[in-house]
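Please read them alongside the sequence and the coordinates.

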Amino acid sequence: WLQEKGLTKGAMGGANVSDVLKSLKGDSTGLQCGDSLLKATTAFQEMNAQALRVFDSGKLFGVLFAQDVLEALALGRVKGTDLVLHLVRSALPEVSQNDDLDAVGARILKQNAVRVRETGDVLTSAELAGFGFSRK
């Protein structure tokens with residue numbers, strides 16, 4: 001499965017989830033609850049991401065998935081001017097901050113995002129790029 005997704009085992013170099021969290025401290029890169037879905041689709045393209053963190057007043061609110069946005073737009077359930085908050089997910093698979101990235105990397109790629117059990121932070125595959133996590 002790792003090879004199919006363009007990953008190689010050992011790509012994280014022994015780092016763990018808490019290492020990624022340290023690198024994100026104070027980083028609120030993502031979307032705001034009041035952003036439009038049109039802005040979100042642009043952000044997905046610009047960041048080459050499948051999932052983006054969504055914030056409300058500087059606090060993590062949840063995660064928006066590109067597939068959810070595209071599906072809702074295609075089915076006419078939402079308009080591009082609607083707010084991202086209508087499609088944000090707050091329930092995500094969990095990992096521990098002590099988990100080794102080699103062990104959870106494939107899970108993060110498959111799910112596009114996970115919540116860190118101890119802190120409530122959310123990691124997407126985009127945040128792991130600095131740790132050697134990438135698709136071919």
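1. Helices (H or I, at least four residues) and strands (E, at least two) are taken here as DSSP runs, numbered from the N terminus. This is a predicted model, in which local features need pLDDT of at least 70 and side-chain atom pairs count only at pLDDT 80 or more, while totals for chains, interfaces and linings use all residues. Residues are numbered from 1 along each chain as its sequence is written, and side-chain values use heavy atoms, with hydrogens and water left out.

2. Overall content. The chain has four helices and six strands, and from the N terminus the order of elements is α-β-α-β-β-α-β-α-β-β. Of its 136 residues, 43% are buried; buried means under 20% relative accessible area, exposed over 50%, and partly exposed in between, with a 1.4 Å probe and protein chains only. Among contacts (heavy atoms within 4.5 Å) with a separation of 6 or more, 59% join residues 24 or more positions apart.

3. As background, an α-helix has 3.6 residues a turn, so residues three or four places apart point the same way.

4. How do α2 and α3 pack? Helix α2 (residues 37-47) meets helix α3 (residues 66-74) at an angle of about 135°, and their axes are 10 Å apart. This makes α2 oblique to α3. Angles under 35 degrees count as roughly parallel, over 145 as roughly antiparallel, 65 to 115 as roughly perpendicular and the rest as oblique. Axes are lines fitted to C-alpha atoms, for helices over the stretch in contact, and angles run from 0 to 180 degrees between N-to-C directions.

5. Which residues make the α2 and α3 contact? From α2 they are L37, T41 and F44, and from α3 they are A66, V69 and L73. By class, five residues of this contact are nonpolar, one is polar and none is charged. Ala, Val, Leu, Ile, Met, Phe, Trp, Tyr, Cys and Pro count as nonpolar, Asp, Glu, Lys and Arg as charged, and the others, Gly among them, as polar.

6. Positive phi values. Most residues other than glycine have a negative phi. N48, which is not a glycine, has a positive phi of about 50°. N48 follows α2 and sits in the loop between α2 and β2; its relative accessible area of 72% makes it exposed. S57, also a residue other than glycine, has a positive phi near 55°. S57 is in the loop between β2 and β3 and is exposed at 71% relative accessibility.

7. Helix α4. In α4 (residues 101-111) the buried residues are L101, V104, G105, A106, I108 and L109. Just after α4 comes N112, with a positive phi of about 70°.

8. K59. This residue lies in strand β3 and counts as exposed because its relative accessibility is 62%. K59 and Q32 are 27 residues apart in sequence, with a C-alpha to C-alpha distance of 9.6 Å.
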